Amino acid sequence: YQHDAKPRHLRETLDGVVRSCVSFVGVDANTASPALLRYVSGLNQLTARRLFEFRQAYGPLKNRQQLRDISGFGDATFTQAVGFLKIADGDEPLDTTWIHPESYAAANRFLKRLQIDPAQLRDKTVSESIVTMAAKMDPKALADELEIGELALADMIGALTRPGRDPREDLPPPIFRHDVLKLDDLEAGMVLFGTVLNVVDFGAFVDVGLPDSGLVHISQLTTGYVRDPHDVVAVGDHVRVWVTAIDKERRRIALTMIEPGTEHPPEPRPKRHGRRDRPQKDHQQRERRKPQDGAHRPHQLKPRPPRAKKPIIPITEAMAEGKEPMRTFGDLIQFFEKKHGEPKKDESS
């Protein structure tokens, strides 16, 4: 849990995840917040704030070239950051892709060779046809014709076929039941399909298409013994679960990944022998080790000799009159004996 980690480590991990997502997917230059823009390569907190203020003053950006009009966007910053800043519904269709403005001329020649209008890139069917037509061409000859390298040509084709480049499109979509929309629709024994949201020491939380996620306890992940839930499931896995219990008051859903009817009874633990349950053989051996009556007991402890008593040091007259502090509790006893005139007890008693 986040409370078990240091805030500094959490902040560094979160920054790394956001920076990785921005570098892999990019951001919309017209909708991204300053907090998100500062993760773009080449930008910092100041340039991100200036980009946000430019949008507020002059409206949404129409093309990537307008970034040069923002204070702080020099040639180096523009070259480094422009590929990660995408502009949707702008004047230039290529601004929605990962293609750098320096390669726009080669990209337009490539589209002209395929007889495709750049404005048609927003149509997914056209993007899929680019892959089919490009596969029929010689990569080396096409790269020489466009005056670019083969690797740059492959990256250009990939950017044109997937302008948005959303990595979630590569993942299989979760299959949710259309008849389960709220907690009241659930019933015990119902089978559901969901996605693992979080894995903890005691199980896994699964999204089944409801506002409240369900919990698969560690004992319900599989029929065998599970030492660590991470050995069975991971975040993002698509799993099939069955509903075992529903707590509507606390809004909790108990799930299981074990198909009903396939449960195995738990293996009995080996019985621990206590004093009453020890085998008869051990009892007989212990009886044989006992010494017989009158036999020599070499390990018998000798009685401890009595300690010599310390001599009693009588108190002084100053102590008796209360002018000098007592040294021990023995002095205090002598003081009370003198004060009350009680006879002193014999030391041997």
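Predicted model: local features only at pLDDT ≥ 70, side-chain atom pairs only at ≥ 80, totals over all residues.
**Entry 1, the whole chain.** I noted a mean pLDDT of 81 for the protein, with 81% of its residues reaching 70 or more. Confidence is highest in helix α3 (residues 45–58), at a mean of 93, and lowest in helix α9 (residues 280–289), at 58. I found that the secondary structure comes to 11 helices and seven strands. Among the contacts with a separation of 6 or more, 50% join residues 24 or more positions apart.

I then turned to the loop between α2 (34–37) and α3, where Tyr39 lies. Is Tyr39 buried or exposed? Its relative accessible area is 10%, which is under the 20% limit, so Tyr39 counts as buried. Leaving aside residues up to four places away in sequence, I found Tyr39 touching Asp15, Val18, Arg19 and Val22. For Val22, which is 17 residues away from Tyr39 along the chain, I noted a C-alpha separation of 6.8 Å from Tyr39.

Thr97 counts as buried because its relative accessibility is 0%. A polar atom of the Thr97 side chain lies 3.3 Å from the backbone nitrogen of Ile99.

In α5 I listed Tyr104, Ala106, Ala107, Phe110 and Leu111 as buried. These residues sit on the same side of α5, because they cover an arc of only 160° around the axis. I checked what lies against them, and the buried residues of α5 pack against α6, α7 (139–146) and α8. Just after the helix, Gln115 takes a positive phi of about 60°.

Which residues of α6 are buried? I found Val126, Ser127, Ile130 and Ala134. Seen down the axis of α6, the buried residues fall within an arc of 100°, so they line one face of the helix. The face turned away from that buried side carries the exposed residues Lys124, Thr125, Glu128 and Ala135. As packing partners of the buried residues of α6 I noted α5 (104–113) and α8 (150–161). I also checked the length of α6: at 1.5 Å a residue its 12 residues (124–135) should span 16 Å, and the end C-alpha atoms are 17 Å apart, which agrees.

In α11 the buried residues are Asp331, Gln334, Phe335 and Glu337. They fall within an arc of 165° when seen down the axis of α11, and therefore line one face of the helix. On the face turned away from the buried side I found the exposed residues Phe329, Lys339 and His340. The buried residues of α11 pack against α10 (317–320). What caps the N-terminal end of α11? I found Thr328 in that place, with a side-chain oxygen 3.3 Å from the backbone nitrogen of Gly330.

Definitions and conventions
Residues numbered from 1 in each chain as written. Heavy atoms only, no water. Helix = DSSP H or I, 4+ residues; strand = E, 2+ residues; numbered from the N terminus. Expected span 1.5 Å × (residues − 1). Buried < 20%, exposed > 50% of the residue type's maximum accessible area, 1.4 Å probe, protein only. Arc of directions from axis to C-beta. Contact = heavy atoms within 4.5 Å. Polar contact = N/O pair within 3.5 Å; in protein donor to acceptor, adjacent residues only side chain to side chain. pLDDT = per-residue confidence, 0-100.
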